[in-house]
Amino acid sequence: MTPIGMLMIIIAYLLGSISSAVLISRFYDLPDPREQGSGNPGATNVFRLGGHFAAALVLFCDMLKGTLPVWTGYLLGINPFLLGLIGISACLGHIFPLFFHFRGGKGVATALGSIAPIGFDLTGIMLSTWIIVLCFTGYSSVAAIFTSLLAPFFTWLLKPQFTMPVAMLSCLILFRHQDNIKRLFNGTEQKAIHKKKPVDDEIQGEK
């Protein structure tokens, strides 16, 4: 491993350790996302606690934490395998943030941001997959798991030289969602989107 590669891995971890969800929640005087809602400091939980705008800011900042170090490494000519390690390091910073007592999120947005420098076509496909599954199921965790499973396949079709690093990121995201998978099987997982009940059902429920 080259000194530049090692430096970029360290920078990626430190950048990932900046918890966008906690900082933005403090700025907008929202509850600490680590203590309220699902307890996950990510865009989905901030959406539950503070609405669309705050959640969009968290999503953007979390993606940026992955994009900046990987894009810089790409411009420096670092090979695909090391780029994967840089992306993983940014995600590990998000999951185990040095500056926030190692209590972080799932790393989904940061992983997506890490993949963005590979190509906007690939990023668009994965983001679209996540949105479609989220809208269909209502579960952010299901969307993340499904997209992570498909990400290496999409990468192999569009940018085969990056299949291995993307697969590494996918494995990390799947590992991080172990508790969500258990809750899905137990029927206790929280939905990010709740479909409104028909008016007739609401009337019946009031009787």
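Just past helix α2, Asp29 adopts a positive phi of about 55°. Keep in mind that this is a predicted model.

Staying with α4 for a moment, have a look at Asp62 and Lys65. Both sit in this helix, three residues apart, about one turn of the helix. An α-helix has 3.6 residues a turn, so residues three or four places apart point the same way. Here the two side chains form a salt bridge, with the closest N and O atoms 3.5 Å apart. Asp62 has a relative accessibility of 2%, so it counts as buried. Lys65 is buried too, since its relative accessible area is 5%, and the cut-off for buried is under 20%. Trp71 is also in α4, but at 38% relative accessibility it counts as partly exposed. From Trp71 to Ile95 you move 24 residues along the sequence and 20 Å through space, C-alpha to C-alpha.

Now for the helix packing. Two packed helices are described by the angle between their axes and the distance between the axes. Take α5 (residues 80–95) and α6: their axes come within 9 Å and cross at roughly 160°. The pair is therefore roughly antiparallel, and α5 passes α6 in a right-handed crossing. On the α5 side the contact uses Gly87, Ala90, Cys91 and His94, which meet Thr110, Ala111 and Ser114 of α6. Sorted by type, the residues of this contact are three nonpolar, four polar and no charged.

Helix α6 (residues 108–115) also packs on α9 (residues 163–176), at an angle of about 175° and with the axes 10 Å apart. These two are therefore roughly antiparallel as well. Val108, Ala111, Ser114 and Ile115 of α6 make this contact with Val166, Leu169 and Ile173 of α9. This time the tally is six nonpolar, one polar and no charged.

Another joins the side chains of Asp32 and Arg34, at 2.8 Å from N to O. Asp32 counts as partly exposed because its relative accessibility is 24%, whereas Arg34, at 12%, counts as buried. Glu189 and Arg183 also meet in a salt bridge, at 2.8 Å from N to O. In that pair Glu189 is buried, with a relative accessible area of 11%, while Arg183 counts as partly exposed at 32% relative accessibility.

Key: Residues numbered from 1 in each chain as written. Predicted model: local features only at pLDDT ≥ 70, side-chain atom pairs only at ≥ 80, totals over all residues. Heavy atoms only, no water. Axes fitted to C-alpha atoms, helices over the stretch in contact; angles between N-to-C directions. Helix = DSSP H or I, 4+ residues; strand = E, 2+ residues; numbered from the N terminus. Parallel < 35°, antiparallel > 145°, perpendicular 65-115°, else oblique. Contact = heavy atoms within 4.5 Å. Nonpolar A, V, L, I, M, F, W, Y, C, P; charged D, E, K, R; others polar. Left-handed = near helix turned anticlockwise from the far one by under 90°. Buried < 20%, exposed > 50% of the residue type's maximum accessible area, 1.4 Å probe, protein only. Salt bridge = Lys/Arg side-chain N within 4 Å of Asp/Glu carboxyl O.
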